[in-house]
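Welcome! Please take a moment to look over the sequence and the 3D view below, and then let us walk through some of the details together.

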Amino acid sequence: MMQPKDKLMSDTPFITKGTKVALTPRQRENVPTYWKWICDPEVNPGLTDIGACVSIENEYEWYDNNAGKADGGSVYFDIHEVDGMRLVGDCLLFDIDHAAGTAELGIIIGEKDCWNRGYATETVALLAQYAFDILGLSSVILNVYDFNERAVAAYRKAGFREVGRRRGVRHGARIVQEVIMDIVPGEVAGLTD
């Protein structure tokens, strides 16, 4: 399943792929698409910085200072549909601590016609597998707001387990719970051969 440095039909380099999605290195040329997703009120309620639609210039600056630099503490990917290689989201492993064997996971499926199609499940499973098989980590954690039931379900299908909740979290004008989930090697699910 892990196929580093292979190529798809479109000759786009990819890191790994499943049956639905392929993960490729994040590309600066896609910043306008990332920006569109962040500014979409239907897409961004699950993001930490709800409603924060910065200027496109700020998004380029963020990219150059973060995703554009390889520092070892984060690994950034674009998510493409396997069929046709359309860009549908992005994801990352961040706060990577090789000494502790841990990382945190983040994902956004920005193309709404791709929701409820198993893309998030397969993506987080591929990311966890990458964290374990390529980076040699021993645990991946993620945080998700309790109202984002679709995301919680996708993470569970990929093998993540709820390990706790943080109550009384301010999210915009709401008080919500933050669901904390993790996964360890041997628990990855949601991938088909």
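Which residues of the largest nonpolar core touch the most other members? Keep in mind that this is a predicted model. The core has 46 residues, and Leu105, Tyr155 and Phe160 are the ones that touch the most other members. Helix 3 gives the largest share of this core, with nine residues.

Leaving aside residues up to four places away in sequence, Tyr155 touches Ile107, Val124, Leu142, Val144, Phe160 and Met181.

Tyr155 also belongs to helix 4 (residues 149-157), where Ala151, Val152 and Ala154 are buried along with Tyr155. Seen down the axis of helix 4, these buried residues fall within an arc of 165°, so they line one face of the helix.

Now turn to helix 1 (residues 31-39), whose buried residues are Val31, Tyr34, Trp37 and Ile38. Viewed down the axis of helix 1, they fall within an arc of 120°, so they line one face of the helix. These buried residues pack against helix 2 (56-65), strand 5 (75-81), strand 6 and strand 7.

The backbone has some points of interest too. Most residues other than glycine have a negative phi. Asp95 has a positive phi although it is not a glycine, and Asn116 is another non-glycine residue with a positive value. The table puts these two side by side.

| Residue | Phi | Relative accessible area |
|---|---|---|
| Asp95 | about 50° | 54% |
| Asn116 | near 60° | 65% |

Where do these two residues sit? Asp95 lies in strand 6 (residues 87-97), whereas Asn116 is found in the loop between strand 7 (102-109) and helix 3 (119-133). Are they buried or exposed? Asp95 is exposed, because its relative accessible area of 54% is over the 50% cut-off. Asn116 is exposed as well, with a relative accessible area of 65%.

Finally, look just after helix 4, where Gly159 takes a positive phi of about 110°.

Definitions and conventions
Residues are numbered from 1 along each chain as its sequence is written. This is a predicted model: local features need pLDDT of at least 70, side-chain atom pairs count only at pLDDT 80 or more; totals for chains, interfaces and linings use all residues. Side-chain values use heavy atoms; hydrogens and water are left out. Helices (H or I, at least four residues) and strands (E, at least two) are DSSP runs, numbered from the N terminus. Buried means under 20% relative accessible area, exposed over 50%, partly exposed in between (1.4 Å probe, protein chains only). A nonpolar core is a set of buried Ala, Val, Leu, Ile, Met, Phe, Trp, Tyr and Cys residues joined through side-chain atoms within 4.5 Å. Contact means heavy atoms within 4.5 Å. The arc is that of the directions from the helix axis to the C-beta atoms.
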